[in-house]
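Please read the following briefing alongside the sequence and the model.

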Amino acid sequence: MKIIVPMAGRGSRLRPHTLTVPKPLIPVAGKPIVHRLVEDIAGVLNQKIDEVAFIIHESFGKKVEEDLIAIAQKLGAKGTIYYQNEALGTGHAIMCAKDSLSGPAVIAYADTLIRADFDLDTTADSVIWVKQVDQPEAFGVVNLNANGEIIELVEKPKEFVSDLAVIGIYYFKDIAVLKNELQSVLDNNIIHGGEYQINDGIKQMMAKGMKFVPGKVDEWMDCGNKNVTVETNTRMLGFLHNDGENLVASDVRLDNATIIPPCSIAEDVVLINATVGPNVSLGKGCHVINSTIKNSLIQTHAHIKNANLDNAMIGNHVNFDGNFTSISIGDYSVLE
């Protein structure tokens, strides 16, 4: 089994945080988004993962590539890097990894997290993972026949089709079939919204009578912008806490400080005259002094004092001294 992860751009909606760190490597509940995504998919599949292929922009740099390869290796899989240097769509991104497109595989876009527990239908040609939503008109949805098979993909339907939204994770029994259809999309210059889309390859597979079925996830969490990323951090901390995971490093220094769970507290963190939590992630090497922090995501080596933070997202190597709330600060910022 392979996992194909299109990552492409850094993520403009999450700036300033993505100016120095690509969005899929932003940590949520103490672990990069893409790391959690790949691990969660591997857990749902319950199969040996042979390869994880990441499609990135070449500007991400060698350090990011090394981190991605390490994610694959932690699963006992080979890590492969491909480049998509032009934003030409999901179909084009997948085809940038064409040398890895053979055999059973999952495609997963790296700005979403899931919680799921279902048996993968390996008899189907494809499984499209979906989530029941309250406002299906805002999403791409699947249309099912009487046998529960997917017969149509409908983008943002004005009239009700179904309430099962496509979340951007797909299983293919043989991804080489999709590869052939996407090659046809490219060769015939089939473009929607100025881009080559995976849906056009899927629709061609459906037209040839291939069997598509839905795989329903219990939770679908977005990491598109600051507010939803902080919310996703909160939800993920709750899930991991309920699972019994120890999220606080053993070497955290507490001096007249309190941690209110659930919180993810990394190594070398110092808390002095501070209350942290609930729903806070603190990255490695953070110092929090004379402060109260809740419902916030703070990355590594941030020094925060005299602060009262709620719904905050703070980057790496930030020095913050003040009484602001609901803030979004990128890497290497100084507020005094």
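Predicted model: local features only at pLDDT ≥ 70, side-chain atom pairs only at ≥ 80, totals over all residues.

Residues are numbered from 1 along each chain as its sequence is written, and side-chain values use heavy atoms, with hydrogens and water left out.

**Overall fold**

- The chain has six helices and 26 strands; these are DSSP runs numbered from the N terminus, with helices being H or I of at least four residues and strands E of at least two.
- Along the principal axes, the C-alpha atoms fill a box of roughly 65 × 40 × 35 Å.
- Of the 336 residues, 51% are buried. Buried means under 20% relative accessible area, exposed means over 50%, and partly exposed lies in between (1.4 Å probe, protein chains only).
- Among contacts with a separation of 6 or more, 53% are between residues 24 or more positions apart; a contact means heavy atoms within 4.5 Å.
- The chain exposes about 14700 Å², and carbon and sulfur atoms supply 45% of that area. Accessible areas come from the Shrake-Rupley method with a 1.4 Å probe; for residues, only the protein chains shown count as cover.

**Charges and salt bridges**

- The chain carries 29 positive and 41 negative charges, and their mean positions are 2 Å apart. Lys and Arg count as positive and Asp and Glu as negative, while His and the chain ends are not counted. Each charge is placed at NZ of Lys, CZ of Arg, CG of Asp or CD of Glu.
- Eight salt bridges are found in the whole structure, each being a side-chain nitrogen of Lys or Arg within 4 Å of a carboxyl oxygen of Asp or Glu.
- Lys31 and Glu39 form one of them, with the closest N and O atoms 3.0 Å apart. Lys31 is partly exposed at 23% relative accessible area, and Glu39 is partly exposed at 29%.
- Asp50 pairs with Lys48 in a salt bridge, with a closest N and O separation of 3.3 Å. Asp50 is partly exposed at 40%, whereas Lys48 is exposed at 58%.
- Glu181 and Lys208 meet in a salt bridge at 2.6 Å, N to O. This pair links distant parts of the chain, 27 residues apart: Glu181 is in helix α4 (residues 175-187), and Lys208 is in the loop between α5 (198-207) and β12 (212-216). Glu181 is buried at 7%, while Lys208 is exposed at 57%.

**Backbone exceptions**

- Most residues other than glycine have a negative phi, and most peptide bonds are trans.
- The bond from Pro261 to Pro262 is cis, with omega near 0 degrees; Pro262 is in the loop between β15 (258-259) and β16 (263-265).
- Gly277 and Pro278 are also joined by a cis peptide bond, with omega about 0 degrees. Pro278 is in the loop between β17 (270-276) and β18 (280-282).
- Asn290, not a glycine, has a positive phi of about 50 degrees. Asn290 is in strand β19 (residues 287-294) and is partly exposed at 39%.
- Asn306 has a positive phi near 55 degrees. Asn306 is in the loop between β21 (303-305) and β22 (308-310) and is partly exposed at 37%.
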